[in-house]
Amino acid sequence: MREKFLLACALLLAATATAAAEADKKETLRDEAGEPVQVGVFTSRWGRLFSGNEDKFSGALSFTSGLKEQRIAIPNSSSTAEQKKKYNQTLNLSLQYSPYSFWFANITSRLPVTDTSRYTADFRYSFGYDDWHANTFSLVYSNYGDNHFWTSGSRRNTYFEQGAVTLAYKFSLPKPVENALLINKGDSIICQAGYSWVPRYYDLSSNDIRKNKNVMLGGCGYTFKQHFFVRATAFWYPDSSQQQPWNGDYSYSFGYAGYTPGSFSVQYANYSGTRYPGHQTGNGKFREGTVSLTWFLPL
């Protein structure tokens, strides 16, 4: 089943590449100042869902699948859960509202493909200010934690204090460096450096909630032929004891992203547990990542 799914994604990626070649003749994918727009659909966990889109309302449907079976706790009532080994596959609905300028709020609701019930449905959300252009600041709150519409036992729907507040600065490389790195005219590179603060976080070693996690981050993204992209972000924890097994040393993603309503995107992403050579053992191997197929809703 997994092999067939990956083959289907590869065929879709090839088809969208052909469509992109035709679209490149028509689309400039540049902002009002003539600067290239970075691919931005589902490529960042610390900002807007739909960079490059100036619509007030945006939405997407997506299917996400892990590449290996994992042991997952599945709630089956308001007070009980069972452990099960399965591929983590979800159907997702993402909605974003941008009332003014680059201010935004978004939410992604997720529903498992199997073992579906109201207790297994969850959501992720973020809001703030995020301009996708170079040489701009962003300030974003994001929560990718344990958020549920229907809770088990005495748990809350969301733990707001366990979300992250990220201040970042996007910038372009010096022109001589950028020109040396760009493969094609119209390609673009944009980098970001930032700081994330998490007021409360779960610490595995003490099995307790601790305060004030601090994370520094920095990375770059390359957009090729205005649709294909690759991005990588590195993380540094000033207090190394605050880094949990699931907190990666780095994250990366690559794929193809459409822009216009009705277009599709295909992406591989790995955000969890990655480790540099020589660092403590993590679980961030390639198969720990996920593959996503996204349809940009024609709202």
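Analyst: Let's start with a term: a residue counts as buried when its relative accessible area is under 20%, as exposed when the value is over 50%, and as partly exposed in between. Keep in mind that this is a predicted model.

User: Okay, so is glutamate 178 buried or exposed?

Analyst: Its relative accessible area is 8%, so glutamate 178 is buried. Lysine 175 comes out at 52%, which makes it exposed.

User: And which side chain does glutamate 178 meet in a salt bridge?

Analyst: The general idea is that side chains of opposite charge can pair when their charged atoms come close. In this model, glutamate 178 pairs with lysine 175, at 3.1 Å from N to O. Both sit in helix α2, which covers residues 175–181, and they are 3 residues apart, about one turn of the helix.

User: How many salt bridges does the structure hold?

Analyst: There are 10. One of them joins lysine 86 to aspartate 115, with the closest N and O atoms 3.2 Å apart. Lysine 86 is in strand β2 and aspartate 115 is in the loop between β3 and β4, so this pair ties together parts that are 29 residues apart in sequence. Lysine 86 is buried at 10% relative accessibility, while aspartate 115 is partly exposed at 25%. There's also a network of salt bridges here, linking Lys84, Lys86 and Asp115.

User: What about aspartate 122: which side chain does it meet?

Analyst: That would be arginine 110, at 2.9 Å from N to O. Aspartate 122 belongs to strand β4 and arginine 110 to strand β3, so the bridge ties together parts 12 residues apart in sequence. Both partners are buried: aspartate 122 has 13% relative accessibility, and arginine 110 has 19%.

User: Now disulfides. Which cysteines are joined?

Analyst: In general, a disulfide is a covalent bond between the sulfur atoms of two cysteines. The count here is 1, and it joins cysteine 191 to cysteine 220, with 1.9 Å from S to S. Cysteine 191 lies in strand β7 and cysteine 220 in strand β8, so the link ties together parts that are 29 residues apart in sequence. The angle about the S-S bond is 100 degrees, and the link is right-handed. Cysteine 191 is buried at 3%, whereas cysteine 220 is partly exposed at 38%.

User: Which phi does asparagine 135 have?

Analyst: As background, most residues other than glycine have a negative phi. Asparagine 135 has a positive phi of about 65 degrees, although it isn't a glycine. You'll find it in the loop between β4 and β5, where it is partly exposed at 47%. Asparagine 207 also has a positive phi, about 50 degrees. Its place is the loop between β7 and β8, and it is exposed at 57%.

User: Where is threonine 151?

Analyst: Look in the loop between β5 and β6. A polar atom of the threonine 151 side chain lies 3.2 Å from the backbone oxygen of arginine 155. Threonine 151 and threonine 120 are 31 residues apart in sequence, yet 9.1 Å apart in space, C-alpha to C-alpha.

User: Last one: where does pLDDT stay under 50?

Analyst: Across residues 10–28, for which the model has 17 contacts beyond four places in sequence. The chain as a whole averages a pLDDT of 82, and 81% of the residues score at least 70.

Methods
Residues are numbered from 1 along each chain as its sequence is written. This is a predicted model: local features need pLDDT of at least 70, side-chain atom pairs count only at pLDDT 80 or more; totals for chains, interfaces and linings use all residues. Side-chain values use heavy atoms; hydrogens and water are left out. Helices (H or I, at least four residues) and strands (E, at least two) are DSSP runs, numbered from the N terminus. Buried means under 20% relative accessible area, exposed over 50%, partly exposed in between (1.4 Å probe, protein chains only). pLDDT is the predictor's confidence in each residue, from 0 to 100. Contact means heavy atoms within 4.5 Å. A disulfide is a pair of cysteine sulfur atoms within 2.5 Å. A polar contact is a pair of N or O atoms within 3.5 Å; within protein, one must be able to donate a hydrogen and the other to accept it, and residues adjacent in sequence count only if both atoms are side-chain atoms. A salt bridge is a side-chain nitrogen of Lys or Arg within 4 Å of a carboxyl oxygen of Asp or Glu.
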